[in-house]
Amino acid sequence: MSDLLTNVFASDLFSTTALVAAVNKMPHVPGQAGALGIFPTQGVTTTSIVIEEQDGVVRLIPDTPRGAPPNRVESKRRKAYSIRMPHFPTAWAIAADQLQNVRAFGSASMQQTLERVRDQELGNHVASLDATVEYGRIGALKGVIYDADGSTVLLNLFDAFGVTQDTTHNFALTTAGTEVHEKCTA
């Protein structure tokens, strides 16, 4: 047993292959909604934002006889929507016992450093924040943005912008004789 303890660093447990496999076991952070490019990222320094809408109207202008009064084109209307910005703080502390007498990950003799622990913690927090932002983007695509618990509504975009959700249609694809073209048209 003592022979195992004295040769722990010579075992396969800390070989290069085992360490690479351990490093590669990072959790996956989804990013497909962000990759669509429809969510430009812009930081703000306030606790709320205003989204302004200018409603221009484009219409076909009917033909009128020469000399008759011209058709009036509606002027653009403006609306503003105030939205409270959510706050997603994270925090951590590095304790002395995370550094003192702790071997650095992947090293047989090197002591754990403050910089390594800090970088690891920052990486964990950045990944969590990236996942939170992606979760919000998916919510925005659906029209309702939920908090991390999945039930608390942070922002209902339908209510915020005064619009109604389009009707949903059951395509009934498992039912024989379903007119798929009619369902699509509806």
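At 34% relative accessibility, Ile 138 counts as partly exposed, because this class spans the values between the 20% limit for buried residues and the 50% limit for exposed ones. In this predicted model, Ile 138 belongs to helix H4, which covers residues 114-142. Together with Leu 36, Ile 38 and Leu 141, Ile 138 makes a nonpolar surface patch of about 360 Å².

The chain as a whole contains six helices and four strands. Read from the N terminus, these elements follow the order α-α-α-β-β-α-β-β-α-α. Of the 186 residues in the chain, 10% are buried.

Empty space in the structure was examined next. Rolling a probe the size of a water molecule over the atoms shows where such space is left. The largest pocket has a volume of about 1,300 Å³. Its lining comprises 32 residues, and those nearest the centre of the pocket are Met 85, Pro 86, Phe 88, Val 133 and Ile 145. Two or more lining residues are contributed by each of strand S1 (48-55), strand S2 (77-84), H4, strand S3 (144-146) and strand S4 (153-156). The greatest contribution to the lining of the largest pocket is that of H4, which supplies eight residues. By residue class, the lining consists of 22 nonpolar, seven polar and three charged residues.

Three salt bridges are present in the structure. In one of them, the side chains of Arg 78 and Glu 52 meet at 2.4 Å, N to O. Arg 78 is located in strand S2 and Glu 52 in strand S1, so this pair ties together parts that are 26 residues apart in sequence. Arg 78 counts as exposed, because its relative accessibility is 59% and the exposed class begins over 50%.

Backbone geometry was considered last. Most residues other than glycine have a negative phi. Asn 101 is situated in the loop between S2 and H4 and counts as exposed because its relative accessibility is 72%. Ala 172, also not a glycine, has a positive phi of about 45°. The position of Ala 172 is in the loop between helix H5 (157-160) and helix H6 (180-185). With a relative accessible area of 22%, Ala 172 is partly exposed.

Notes:
Residues are numbered from 1 along each chain as its sequence is written. This is a predicted model: local features need pLDDT of at least 70, side-chain atom pairs count only at pLDDT 80 or more; totals for chains, interfaces and linings use all residues. Side-chain values use heavy atoms; hydrogens and water are left out. Patches are made of residues with over 30% relative accessible area and no salt bridge: like charges are joined within 9 Å, nonpolar side chains (Val, Leu, Ile, Met, Phe, Trp, Tyr) within 5 Å. Accessible areas come from the Shrake-Rupley method with a 1.4 Å probe; for residues, only the protein chains shown count as cover. A salt bridge is a side-chain nitrogen of Lys or Arg within 4 Å of a carboxyl oxygen of Asp or Glu. Buried means under 20% relative accessible area, exposed over 50%, partly exposed in between (1.4 Å probe, protein chains only). On a 1 Å grid over the protein atoms alone, a cavity is a set of points where a 1.4 Å probe fits but cannot get out, and a pocket is an open set with protein on both sides within 12 Å along at least five of seven lines; lining residues have an atom within 4 Å of a point. Grid points are joined across faces, edges and corners, and a volume is the space filled by probe spheres set on the points. Ala, Val, Leu, Ile, Met, Phe, Trp, Tyr, Cys and Pro count as nonpolar, Asp, Glu, Lys and Arg as charged, and the others, Gly among them, as polar.
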